[in-house]
Amino acid sequence: NSYFANLYQLVVDDTINIYYDNLKYIYKIVNIYEEEKTGRVRIFRDKEKTTLTLITCTKDDDYHQTVYIAELIEIY
């Protein structure tokens, strides 16, 4: 019932493909970490690169969120 139901299966170096406006954007996961659920999330990324950030509940954990950072590697 959730778009992110299987996100927990991602690992560093996996790729994410996004199709938008007749283009394919390819991102590579570069970091995965957990943050405590407090209503705020710290985002650790390289601000010099185009990134995609996904945040979801941590599987089997009611007290943390998992953050996935992916960097753009290709557009075509």
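Is Y19 buried or exposed?

Reply: Y19 is exposed, with a relative accessible area of 60%, where exposed means over 50%, buried under 20% and partly exposed in between, computed with a 1.4 Å probe on protein chains only. This is a predicted model, in which local features need pLDDT of at least 70 and side-chain atom pairs count only at pLDDT 80 or more, while totals for chains, interfaces and linings use all residues. Residues are numbered from 1 along each chain as its sequence is written, and side-chain values use heavy atoms, with hydrogens and water left out.

Y19 is found in strand β1, a strand being a DSSP run of E with at least two residues, numbered from the N terminus. The bridge partner of Y19 is K24 in β2, and β1 pairs with strand β2 (residues 23-36) in the antiparallel sense over six bridges, whereas DSSP needs to find at least two bridges for two strands to pair.

These two strands belong to an open sheet of four, which has the order β1-β2-β4-β3 and antiparallel pairing. Because β1 (15-20) and β3 (51-57) stand at the edges, each with a single partner strand, one side of each is left without a neighbour in the sheet. From one strand to the next the twist averages 35°, taken between lines fitted to C-alpha atoms, with angles from 0 to 180 degrees between N-to-C directions.

Elsewhere along the chain, I75 is 56 residues apart from Y19, and the C-alpha atoms of the two are separated by 9.6 Å.
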